[in-house]
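Trainee: Could you pick one part of this structure and take me through it closely, together with whatever surrounds it? I would like one connected account, with the cut-offs spelled out.

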Amino acid sequence: MPPETSPMRFSYDRFAELDEQARIEAWPPGWRMSHEDREANRREVLGDRLDRDLWVFAYGSLIWNPAVYFDEIRRATLIGWSRRFCMNLTSGRGTYDCPGLMAALDEGGRCDAVAFRIPARLVDQETELMWMREMFAGSYRPVFLDVTTPQGDIEALTFVMDRDNERYCPSVGLQEAAKRIATAEGNLGPNFEYLESLMEHLDELGIRDVGLEALYRQACDVRASTKKS
């Protein structure tokens, strides 16, 4: 998706809208990071990298909707981390009453995905927008990890699950995860659409994710049984 058409390339106006929604619906405190804390985190993580090319490892919606401008993209593999639906989702594609699940990187295994390179001249501008999206609630931990690509190894910015965050839910089993994904829906649409889109784009890239495939089949079964009833 071209960045200029992406709904994920949002501004501070979007935060104001959600702040008003949070006030009306009485969302609990701490549902998002403050602008000051988010920017401090970005500056701390990126340090002296703001004036040089930046690789970003994309394993979820960043694959098809990065919402930032970049100059190069490669197939990429990250060892020691795996794609899992282990983040509790109470907004976007879920609600507090019917929470969904979001994909994140958790420790162990491997993850096949892509990496894209933001040119040095755009790094400061584009990472500010990326932090608004990825660090909206502060559930990820942005780190630099060694990633393998066909053109050679790179060090890439990677948003992994923060295991200390309250949204981390590692013990959700396959059936429960499928049920939540099949039924949850928020202001960005059904949770299932995210899983389905992830499956479609990985298939286009020729990437197999056995665990994800099992989750998708189970979620499809839940949706089918729900329609019958």
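Mentor: Happy to. Let me start with burial: a residue is buried when its relative accessible area is under 20%, exposed when it is over 50%, and partly exposed in between, using a 1.4 Å probe and protein chains only. Helices (H or I, at least four residues) and strands (E, at least two) are DSSP runs, numbered from the N terminus. This is a predicted model, where local features need pLDDT of at least 70 and side-chain atom pairs count only at pLDDT 80 or more, while totals for chains, interfaces and linings use all residues. Residues are numbered from 1 along each chain as its sequence is written, and side-chain values use heavy atoms, with hydrogens and water left out.

The part I would pick is helix H2, which covers residues 35–46. Its 12 residues reach 17 Å from first C-alpha to last, close to the expected 16 Å; that expected span is 1.5 Å times one less than the number of residues. Arg38, Asn41, Arg42, Val45 and Leu46 are the buried residues to look at in H2. Viewed down the axis of H2, the buried residues fall within an arc of 110 degrees, so they line one face of the helix. The arc is taken from the directions that run from the helix axis to the C-beta atoms. Glu36 and Glu44, on the other side of H2, are exposed.

What does the buried face of H2 pack against? Its buried residues meet helix H1 (12–25), strand E1 (54–58), helix H3 (123–134), strand E4 (140–147) and strand E5 (154–161), where contact means heavy atoms within 4.5 Å.

Take H3 next. Of its 12 residues, 9 are buried, so H3 is largely enclosed by the rest of the structure. Among them are Val123, Leu129, Met130, Trp131 and Met132, but also Glu126, Arg133 and Glu134. The cover over these buried residues includes H1, H2, E1, strand E3 (100–118), E4 and E5. From end to end H3 reaches 15 Å, C-alpha to C-alpha, close to the expected 16 Å.

Now the strands. Two strands pair if DSSP finds at least two bridges between them. E4 and E5 run antiparallel and are joined by 8 bridges, with Tyr140 partnered by Met161 in E5. Their hairpin has 6 residues between the strands, and Gly152 there takes a positive phi near 130 degrees. E4 is mostly covered, with 6 of its 8 residues buried.

E3, one of the elements covering H3, has 14 of its 19 residues buried, so it too is largely enclosed by the rest of the structure. E3 runs antiparallel to E1, with 5 bridges between them, and Ala58 stands opposite Val114 in E3. E3 is also antiparallel to strand E2 (72–89), with 16 bridges joining the two; there, Leu78 stands opposite Cys111 in E3.

For a backbone check, look at two loops. Most residues other than glycine have a negative phi. Ala26, in the loop between H1 and H2, has a positive phi near 55 degrees, and Ala26 is exposed at a relative accessible area of 62%. Ala67, in the loop between E1 and E2, has a positive phi near 65 degrees, yet Ala67 is buried at 4% relative accessibility. Ser6, in the segment before H1, is buried with a relative accessible area of 6%. Leaving aside residues up to four places away in sequence, Ser6 touches Met1, Asn65 and Ala67.

Finally, a reference point away from H2. Gln218 sits in helix H6 (residues 210–228), and it lies 180 residues from Arg38 in sequence and 36 Å from it in space, C-alpha to C-alpha. Gln218 is partly exposed, with a relative accessible area of 24%. Beyond residues up to four places away in sequence, Gln218 touches Leu174, Gln175 and Ala178.
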